[in-house]
Amino acid sequence: MTEQETTNSSSSAEKHEFSAEVGRLLDLVVHSLYSEREIFLRELVANAADATDRRRFEALTDGARALPEDAKIRINPDKDARLLTITDDGTGMTKEELVNNLGTIARSGTRAFGKELESAKPEDKPNLIGQFGVGFYAAFMVADRVEVVSRRAGSDEAWKWTSDGKGSYELAPATRDKPGTDITLHIKEDADEFLDSWRLQEIIRKWADHIAWPVTIVKDGEESPANEGTALWRKPKSEVTEEQYNDFYRHVSHNFDTPWDTLHWRAEGTIEFSALLFIPGSRPFEFGDPARESKIRLHVKRMFITDDAALVPAWMRFVVGVVDTEDLPLNVSREMLQATPVLARIRKAVTGRVLNEIKKRSADNAEFLKFWENFGSIVKEGIWEDAEHRTELAGLARFRSSAVKEEEDKPESGWTTLADYISRMKPEQDAIYYLTGDNEDAVANSPQLEGFRARGLEVLLLSEPVDSFWPDRLTSFEGKTLKSVTQGAADLEKFAVEGEAATGEAADMDILLPALKEALGAEVSDVRGTDRLVSSAVVLAASENGPDLQLQKLMRRSGQKLPESAPVLELNPRNPLVLELARKAAEKSPALGDLARVLLDVARIQDGENPKDPTAFAQRLTGLLTIAAKGE
């Protein structure tokens with residue numbers, strides 16, 4: 001960087017002009033790099049903690065630089081003067097270091113110091129969490145002027161750096177009674193919130209709660225602690241109590257329960273990170289949040305960076321906690337984080353670890369059911385969208401079934417897995433049958449099941465919205481295809497009816513079916529007889545190449561446009577109503593048209609839909625009831 005230095009004739013201050021390149025960088029930092037203004041405090045506290053760590057390290061070989069016993073970071077808001085001061089007991093800066101570290105965005109005191117650490121012993125290396133360069137300039141997001149007074153440890157000389165962030169800065173001699181740094185921000189008119197102690201406390205708890213050094217906030221002349229100061233996730237598991245885990249879980253999740261599972265580990269090798277993650281014991285309040293975003297907190301060198309780094313896929317968004325790495329820089333935006341390959345490797349490692357833990361816990365059916373009832377619908381999203389883990393997730397999934405009854409005092413007994421379903425399949429059966437609907441009761445009592453129950457064929461009962469989607473992506477499991485019982489004509493003919501077969505007169509379908517099809521026109525794609533009904537008269541089925549009926553219903557309710565796909569109307573030839581309709585058709589009764597439409601609306605109602613024209617349906621039904629009443 002090129003600088004032009006001039007001496008102020010009216011004082012001892014030296015004025016330094018930033019180059020055009022640095023000016024552009026400064027504008028980028030202030031206006032574009034960070035998404036939230038409050039981030040400035042994280043950066044300044046990070047720098048203060050870095051400087052304090054550095055002094056502690058230097059004191060190992062130079063006793064004159066020893067830290068005071070009460071070393072801390074002090075935040076002092078002054079509303080009357082509109083000043084916010086951050087003070088530390090760190091290593092401080094010389095005049096030259098002020099120029100290099102604050103006058104040059106392209107350099108970083110921390111980066112240079114990092115080179116010194118390469119030859120240091122591991123136990124002597126402090127945790128460097130800031131980069132005194134780009135991050136410092138975040139202060140200009142809330143301040144129209146910044147003053148830095150710093151005295152280097154081991155020196156009696158102090159210097160003052162001052163700038164309005166508009167292209168130049170000044171350096172002048174100053175006084176400070178002990179080593180360290182004071183950063184004073186002249187707060188802008190639209191940034192009053194950063195002069196309130198409660199707001200500063202909130203920011204510290206959010207962004208820097210686990211800085212190892214004490215952080216205090218001055219209020220009414222008294223200092224109060226602002227951070228806990230312990231990075232729980234960096235401690236060995238043997239040193240963390242269950243109570244500490246639970247307290248931290250409630251802090252990061254804002255829940256009041258205890259976690260269903262706790263995962264605490266340190267990854268070493270190609271990438272290094274510490275993780276403390278929790279699977280909640282109950283559904284969070286924002287369970288239905290359409291954003292579908294993970295809120296695991298990403299820390300770098302113990303400093304909070306963002307909770308928007310998508311550290312696990314959307315189908316694992318119920319996981320909360322912290323991931324902390326040394327392998328990412330602090331001074332990058334959340335947008336830039338998404339592009340780094342380091343983050344991609346961390347995502348893969350974290351996702352794999354959580355999935356393996358869930359698989360391990362699934363061995364205990366009773367305990368796993370507690371998890372599944374809370375988050376199973378989210379996990380099933382992964383079957384739909386995650387090709388890499390689709391089969392694993394399908395193997396974990398639990399389902400209600402037409403053949404599995406819940407035993408008293410054993411709620412887990414009312415569920416089945418796909419593998420268990422396959423173990424009960426008939427020898428000649430090559431499909432896993434399922435039925436989707438709006439709720440458990442409606443699905444369990446659907447007439448769609450009659451023919452399957454009569455033949456001893458098990459059907460999975462799916463009643464959540466996501467159940468209408470994921471089977472299309474899974475398609476098969478352990479070599480068995482998945483097939484909706486509404487998807488075209490069910491292949492029941494190859495299975496014998498168990499017990500007594502349906503007997504009695506069958507309607508003349510050759511006359512009835514063409515008559516009904518003509519009466520209903522485009523409202524149905526076909527009308528046909530079926531052997532999958534036992535007691536009910538009628539049922540709807542999807543056309544051979546059309547989407548499942550429940551999926552069509554969900555798409556319509558959400559306002560999605562679908563290609564026209566009229567349902568198939570299937571009739572039970574031995575039902576008394578169908579027999580009567582066949583006689584009407586043979587007689588060419590004019591009432592057949594109205595009867596056909598009522599029949600179709602009844603089928604819709606059975607499927608959880610409303611009649612296409614409720615008023616017309618009510619009028620037709622009233623007319624039929626009137627005739628029936630007179631007949632009596």
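Let me start with helix α2, residues 39–58: at 1.5 Å a residue, its 20 residues should span 28 Å, and the end C-alpha atoms are 29 Å apart, which agrees. The expected span here is 1.5 Å times one less than the number of residues. Helices (H or I, at least four residues) and strands (E, at least two) are DSSP runs, numbered from the N terminus. Of the 20 residues of α2, 19 are buried, so the helix is largely enclosed by the rest of the structure. Buried means under 20% relative accessible area, exposed over 50%, and partly exposed in between, with a 1.4 Å probe and protein chains only.

A word on the basis. This is a predicted model, in which local features need pLDDT of at least 70 and side-chain atom pairs count only at pLDDT 80 or more, while totals for chains, interfaces and linings use all residues. Residues are numbered from 1 along each chain as its sequence is written, and side-chain values use heavy atoms, with hydrogens and water left out.

Next, the rings. How many aromatic pairs does a search of the whole structure find? The search gives 21. Rings of Phe, Tyr and Trp (its six-membered ring) pair if their centres lie within 6.5 Å; planes under 30 degrees apart count as stacked, over 60 as edge-to-face, and the rest as tilted. W161 and Y169 are a stacked pair, 5.7 Å centre to centre with 25° between the planes, and both residues are buried.

F318 and F371 pair edge-to-face, at 5.5 Å centre to centre and 70° between the planes. This pair links distant parts of the chain, 53 residues apart: F318 is in the loop between β14 (303–306) and β15 (320–325), and F371 is in helix α9, residues 365–385. F318 counts as buried because its relative accessibility is 4%; F371 is buried at 1%.

Last, S294, in the loop between β12 (273–279) and β13 (297–300). Is S294 buried or exposed? It counts as buried, because its relative accessibility is 5%. S294 and V312 are 18 residues apart in sequence and 6.5 Å apart in space, C-alpha to C-alpha.
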